[in-house]
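Here is a quick tour for anyone meeting this model for the first time. Have a look at the fold, then read on.

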Amino acid sequence: MIMSAKVNLYCCGGTGINIGKHFEQFRDKPVTGFANLIPCYVDTSRSNSRDMAEQHVYHLEGLDGNGKLRSQNTQAITESVLSILNQFKPTEFNIVLHSAGGGSGSTIGPTIVCELLSRDVAVFVVMVGSTESVIELNNTIKTIKTYEAVSRVRKKPVAVSYYENAQGLSSRNTVNQDVRSFITLMSLLLSKQNEEMDTADIKNWLNYHLVTSYQPKLTLLTVDTSEFAGMKDVEATAVATISSGNMETSYDSMVEYHTVGFVQESIFKDINRTKAIHLSMLYNAWDKIHANLKTAMDEVTAKQAARVSRSNILSKDDEVTDNGLVF
């Protein structure tokens, strides 16, 4: 029997835990062709992990959430990262799942990623942004900038798959399902059961700066490039393709690095795929995502500046007591 590779899934904050707990059903029950995903839950609050086994949860002592304020528990999170990684020791490949718009996950996630990169440990990020409120929009922008800074500090690519909760678009449940589907594809890629694709191939794909002319930076990891098709300066630096049988494995453009792995046809049927899966590292795609978010924030700022303050309903004739009572 072929042993599945173990892959830690660090589920950070409420969003990370709520999405990631779906994979709890597969703990220690690896499926042929897929990696053995190991969910690890990390949060500043217990509210999202009360039903999880204690040994699988790291709760930062003395804290009870961030209330969407990213800076509130930064020191405690930074001081806890070594303890977190001691309890949940990194595997050869790791996935960090969190929101960008919340307070806890958007800080815990990048802190873990930065530490893993400092150890030269392979890590992928799956992140859910939000434009449903001003504070979530602002947090999302700051989290994206954080990963750009982490890449610069560590001098390595930071590969982030991005999803977004936005008013009028896909429902939150749909977004969560899309995230789970992507993690499943990553589990397929990282299983170490794909013919013609070995560990070095995947590491070179992730660390494309070692095998291509591209410099390391924050990079979009995606299976859907349609949004960026034909866009100037947006290029795939490296592509990892999963195929089966006689499927066409060519990418739609020449790339500097391309690795292909083959799986059983039954697996493609199980995940409802009829064509080869291309996991692309898109260079400069984050410029567009950031620009769109910044435009939304600029519109908010303009509305705030134009807001007319209402008149004070208190008058000079009102007698106000020291505790605010008016008689």
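## Starting with Glu 136

In which helix is Glu 136 found? Glu 136 is in helix 4, where helices are DSSP runs of H or I with at least four residues, strands are E runs with at least two, and both are numbered from the N terminus. With 11% relative accessibility, Glu 136 counts as buried (under 20% relative accessible area, with exposed over 50% and partly exposed in between, using a 1.4 Å probe and protein chains only). Glu 136 sits 36 residues from Ala 100 in sequence, and their C-alpha atoms are 7.7 Å apart in space.

## Where the values come from

This is a predicted model, so to speak of local features takes pLDDT of at least 70, side-chain atom pairs count only at pLDDT 80 or more, and totals for chains, interfaces and linings use all residues. Residues are numbered from 1 along each chain as its sequence is written, and side-chain values use heavy atoms, leaving out hydrogens and water.

## Helix 3 and its two partners

Let's take helix 4 first. Helix 3 and helix 4 (residues 134–154) pack at about 10 degrees, with axes 10 Å apart; axes are lines fitted to C-alpha atoms, for helices over the stretch in contact, and angles run from 0 to 180 degrees between N-to-C directions. That makes the two helices roughly parallel (angles under 35 degrees; over 145 is roughly antiparallel, 65 to 115 roughly perpendicular and the rest oblique). Residues of helix 3 that meet helix 4 include Gly 109, Pro 110 and Val 113, where contact means heavy atoms within 4.5 Å.

On to helix 2 (residues 74–87), which packs against helix 3 (residues 105–118) at an angle of about 50 degrees, again with axes 10 Å apart. This pair is therefore oblique. Among the residues of helix 2 in this contact are Ile 77, Val 81 and Leu 85, while helix 3 brings Ile 108, Ile 112 and Leu 116, among others.

## A histidine inside

His 98 belongs to strand 4 (residues 93–99). It counts as buried, at 0% relative accessibility. Leaving aside residues up to four places away in sequence, His 98 touches Gly 105, Ser 106, Gly 109 and Pro 110, among others. Thr 143 and Tyr 147 are also among the residues that His 98 touches.

## Helix 5

Helix 5 (residues 172–189) has 18 residues and reaches 26 Å from first C-alpha to last, close to the 26 Å expected at 1.5 Å a residue (1.5 Å times one less than the number of residues). Its buried residues include Val 175, Val 179, Phe 182 and Met 186.
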